[in-house]
Amino acid sequence: MREVVLAEPGDFAEWRSAARGLLASGVAPEDVSWRGSEEGASLFGDETVGAPAGAVSLPRELLEIAERVICHRDPEVPARLYRIIWRAARDRQLLARTTDAEVDWLRKADKAVRRDVHKMHAFVRFRRLGEEAGRESFAAWFEPSHRILRLTAPFFQRRFYGMDWAIVTPDARAIWKNEALTYGPGGTKGEVPGSDVVEDQWRTYYGAIFNPARVKIDAMRAEMPKKYWKNLPEAQDIAPLLAGAEARVERMREAAVSLANPLTDKWRTRVPDELLLDDDVKTLGDVARAVDRCTRCPLYCNATQGVVGEGPERARIMVVGEQPGDQEDLQGRPFVGPAGQVLNEALEEAGLDRTRLFLTNAVKHFKFEPRGKRRLHQNPTTGEIDMCGWWLDKERAFIQPDLIVTLGASALRGVTGKSASIKSMRGATHELEGGGKLIATIHPSFLLRLPDRERAAEERAMFVADLIRARELAA
Amino acid sequence: MSAKPILEKLAVLADAAKYDASCASSGTVKRDSTQSKGIGSTEGMGICHSYAPDGRCISLLKILLTNFCIYDCRFCINRASSNVERARFSPQEVVTLTLDFYKRNYIEGLFLSSGIIRSEDYTMEQLIEVARILREEHRFGGYIHLKTIAGADPGLIALAGLYADRLSTNVELPTEAGLSSFAPEKKPETIRKTMASVRVGAEDAIEAAKSRLIGKAMPPRFAPAGQSTQMIVGADAARDDDILKTATNLYSGYQLRRVYYSAYSPIPDASRDLPPVRPPLMREHRLYQADWLLRFYGFERAEIMEGASGGMLDLAIDPKLAWALQRREAFPVDINRAPRELLLRVPGLGTRAVDRIVAARRLGKLRLGDLAKLTASVKKVLPFIVTPDWRPGKLTDSADLRARFAPPAEQLALAL
């Protein structure tokens with residue numbers, strides 16, 4: 001039987017060098033006895049640390065876990081850890097065997113240590129010591145469940161680089177000063193100031209943020225176990241807050257509804273803007289404001305905003321699409337998404353200047369189906385197109401274009417009020433009721449959906465040809 | 001404006017912020033003070049530094065810049081016509097408080113909201129000023145959550161996103177009807193446009209990062225912890241179905257990280273038509289569970305509603321169990337063979353348990369005893385699963401299955 005005496009419980013480096021030696025010399029776990037130095041001197045002291053006979057490789061994850069678990073206060077930990085690495089050296093899959101009893105123990109011990117680390121990150125409370133040359137210094141007393149100071153100090157270093165601090169625990173202390181992190185012996189609570197100047201503010205905040213109408217003591221205690229309370233300044237307020245909660249809620253309930261604050265009218269500088277009635281739409285600008293508040297059909301409920309046409313009021317050509325898409329809906333402008341890109345390129349190729357056209361849609365609100373993190377475009381119904389035709393007609397009336405180019409079937413329906421096929425309308429020029437001409441072509445998003453390259457190039461050429469015809473017609 | 005001492009202002013302005021449910025300080029970029037030599041870090045996972053007796057975590061200093069407000073939303077304690085005591089912090093005062101608390105490790109950072117004073121833009125500018133002073137003058141690296149003011153100029157939203165880790169815009173009430181009746185000055189389209197500008201700001205920043213020239217510094221991140229929203233549950237007549245419908249639209253449209261559901265809790269000096277009842281905490285809890293099913297378990301809203309009745313989730317049992325009881329033909333599921341998506345539908349199995357099961361079964365068949373090591377709720381799972389040593393038999397279809405899980409009827413206390 002080998003005996004290993006660990007001088008410093010919780011010191012990973014010490015345990016690791018002992019374990020490495022044992023492992024390399026092939027000493028089985030049942031032949032080792034691990035003891036802490038406080039358990040008395042060992043008879044067979046240094047016998048164990050033989051020269052490593054060869055490097056033993058272990059999964060990195062296991063070493064990371066071991067570094068944490070060694071901090072666990074259970075005196076069995078060094079021995080159990082050794083048994084696990086002994087097995088892991090022979091079974092590379094060991095850590096994945098989550099149903100194995102020893103792996104299960106390891107995971108649970110690791111979880112306990114990690115939880116303790118997390119609670120220490122959360123519940124350390126610094127108290128101010130003073131200030132020297134513009135640098136403040138603080139100290140904290142903390143009693144962790146396990147020996148985790150070395151696991152947590154780097155966190156505080158990263159977080160509080162710009163101030164000096166010390167954390168004193170019963171086992172050890174960590175000191176951050178002159179941009180260096182050092183460790184020292186454990187201490188007592190008395191070494192740290194008993195109060196802090198902003199503690200009253202903190203306790204005031206704690207009391208004010210508590211909602212007495214939603215008392216849930218068990219939820220609080222599950223996350224902030226009582227063992228930490230004695231070092232949390234706000235914890236002394238828990239009992240009085242709870243005691244007063246019921247009465248506070250009761251007072252709220254009983255308080256008669258009072259008269260409106262007389263200052264109300266002074267603060268309320270504005271009245272809600274009035275709804276624009278149909279008759280109030282007198283300019284193109286009015287259309288934009290009114291569309292945004294349009295509730296003629298239910299599409300407005302989910303869309304971000306109504307998207308109206310864009311372009312000069314004297315535009316000779318009006319281009320009508322189907323409806324805003326995802327990007328158009330967000331940005332409030334027509335043809336700024338992927339289909340807009342296709343349209344831009346085609347317009348350029350056809351020699352049309354986008355800034356001289358009036359671009360709009362048959363339907364002003366985006367219709368979609370939510371799918372996880374995306375919105376799937378949905379075709380508007382003829383009912384929705386016809387309902388929204390009121391706005392398209394207004395735009396037409398203000399612009400009075402010589403030529404309207406409709407992109408896709410919905411646009412054609414929006415302009416003509418009839419459901420004709422694009423195929424039957426394409427290639428010809430149609431006279432519109434009330435003046436002006438019409439050219440019907442496909443919607444650029446159609447080009448985006450064609451998987452066959454050859455076919456897509458063909459369709460695109462036809463689309464550009466339609467736009468060229470529009471340019472010539474309007475010239 | 002107000003000459004109140006800090007302690008009194010803090011009491012008023014923290015009290016006014018206690019109705020906001022969001023508290024998260026997680027999901028942002030990893031940042032620390034070793035480079036800046038200032039104060040503050042974020043490491044992805046947020047830390048709850050304390051817990052209030054209402055069970056809610058305290059992670060951030062959650063306060064209002066002011067509780068004066070020109071709006072008159074009836075569900076809100078700070079509405080213009082309310083007689084609540086008023087106070088206002090200067091931006092510098094909030095900065096000092098934040099740093100004082102942060103250096104003592106009380107908080108992860110700041111959650112700053114405000115009543116609307118003068119105008120939306122003015123208020124938003126004041127909020128941004130606090131964040132700017134913290135970041136630029138004090139090299140503060142902690143978490144900052146700013147409440148955007150709906151209707152503020154998109155340019156201000158873009159600026160706020162450069163300082164803040166998270167931006168949020170509250171939708172307040174789940175339906176248009178509710179909003180127009182309770183908050184006539186708040187327009188749903190204004191709220192949605194503000195959320196849209198946050199999403200556009202984030203997308204622009206990603207675009208800028210992608211198209212930067214090699215060797216040029218990365219452009220600043222825009223609100224790396226994303227955006228969130230809150231809606232109040234139980235103040236108006238909206239049903240759970242309406243609430244989830246709104247939530248799914250918001251998730252898909254504005255890439256929200258979180259929707260917070262806040263049980264309406266009675267406010268002092270309440271408007272006459274609001275329910276002076278206990279906050280519907282269980283309803284709030286079920287909505288969060290349903291929200292989780294939407295985001296992490298592959299459920300569609302319509303499926304969740306199969307376990308509901310009249311558009312309301314079952315208060316006695318959780319929504320996944322309620323769905324499973326309606327869909328018993330889909331069970332039992334073989335723990336050793338079922339694909340991940342199907343395991344996620346087993347009541348009692350969470351995403352972590354499912355991941356563990358999938359990993360563990362690669363190394364050998366799982367028996368009932370093994371399952372106990374992988375999940376805490378074996379008893380709940382039993383009627384819905386098959387293992388080599390367990391078959392639920394008639395249990396899956398038994399009529400009293402719901403009663404096994406629903407809490408027993410409570411004897412009402414008799415008044416003495």
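The legends below describe several close-up views of a predicted model.

Residues are numbered from 1 along each chain as its sequence is written, while chains are lettered from A and ligands numbered from 1 in the order in which they are written. Because the model is predicted, local features need pLDDT of at least 70 and side-chain atom pairs count only at pLDDT 80 or more, whereas totals for chains, interfaces and linings use all residues, and side-chain values use heavy atoms, with hydrogens and water left out.

**View 1. Helices α2 and α3 of chain B pack against each other.** Helix α2 (residues 91–103) and helix α3 (residues 120–138) of chain B pack at an angle of about 50 degrees, and their axes lie 9 Å apart; helices (H or I, at least four residues) and strands (E, at least two) are DSSP runs, numbered from the N terminus. Axes are lines fitted to C-alpha atoms, for helices over the stretch in contact, and angles run from 0 to 180 degrees between N-to-C directions. The two helices α2(B) and α3(B) are therefore oblique to each other, given that angles under 35 degrees count as roughly parallel, over 145 as roughly antiparallel, 65 to 115 as roughly perpendicular and the rest as oblique. The crossing of α2(B) past α3(B) is right-handed, a crossing being left-handed if the near helix is turned anticlockwise from the far one by less than a right angle, and right-handed if clockwise. On the α2(B) side the contact (heavy atoms within 4.5 Å) is made by P91(B), Q92(B), V94(B), V95(B), T98(B) and L99(B), and on the α3(B) side by Q126(B), E129(B), V130(B), I133(B), L134(B) and H138(B). These residues divide into seven nonpolar, four polar and one charged, where Ala, Val, Leu, Ile, Met, Phe, Trp, Tyr, Cys and Pro count as nonpolar, Asp, Glu, Lys and Arg as charged, and the others, Gly among them, as polar.

**View 2. Helix α3 of chain B also meets helix α4 of chain B.** The axes of α3(B) and helix α4 (residues 154–163) of chain B come within 9 Å and cross at roughly 25 degrees, and the two helices are therefore roughly parallel to each other. Here α3(B) passes α4(B) in a left-handed crossing. From α3(B), D121(B), M124(B), E125(B), I128(B), A131(B), R132(B), R135(B) and E136(B) meet L156(B), I157(B), L159(B), A160(B) and Y163(B) of α4(B). The contact of α3(B) with α4(B) comprises eight nonpolar, no polar and five charged residues.

**View 3. In chain A, helix α10 packs with helix α13.** The axes of helix α10 (residues 284–292) and helix α13 (residues 382–399) of chain A come within 10 Å and cross at roughly 165 degrees, which makes α10(A) roughly antiparallel to α13(A). The crossing of α10(A) and α13(A) is left-handed. L284(A), V287(A), A290(A) and V291(A) of α10(A) make the contact with W391(A), K394(A), E395(A), F398(A) and I399(A) of α13(A), and these residues divide into seven nonpolar, no polar and two charged.

View 4. A disulfide is counted as a pair of cysteine sulfur atoms within 2.5 Å. The sulfur of C388(A) is 6.2 Å from the closest cysteine sulfur, in C294(A), and this is too far for a bond. C73(B) is likewise in no disulfide, the nearest cysteine sulfur, that of C76(B), being 6.2 Å away. C388(A) is buried, with a relative accessible area of 10%, and C73(B) is buried as well, with 7%; buried means under 20% relative accessible area, exposed over 50%, and partly exposed in between (1.4 Å probe, protein chains only).

**View 5. A133(A) and K37(B) have positive phi values.** Phi of A133(A), a residue other than glycine, is near 50 degrees; A133(A) sits in the loop between β3 (127–132) and β4 (135–141) of chain A, and is exposed, with a relative accessible area of 86%. Phi of K37(B), also a residue other than glycine, is near 60 degrees; K37(B) lies in the loop between α1 (6–15) and β1 (50–51) of chain B and, at 39% relative accessibility, counts as partly exposed.

**View 6. The peptide bond from F331(B) to P332(B) is cis.** Omega of this bond is near -5 degrees, and P332(B) is placed in the loop between α10 (319–326) and β9 (333–334) of chain B.
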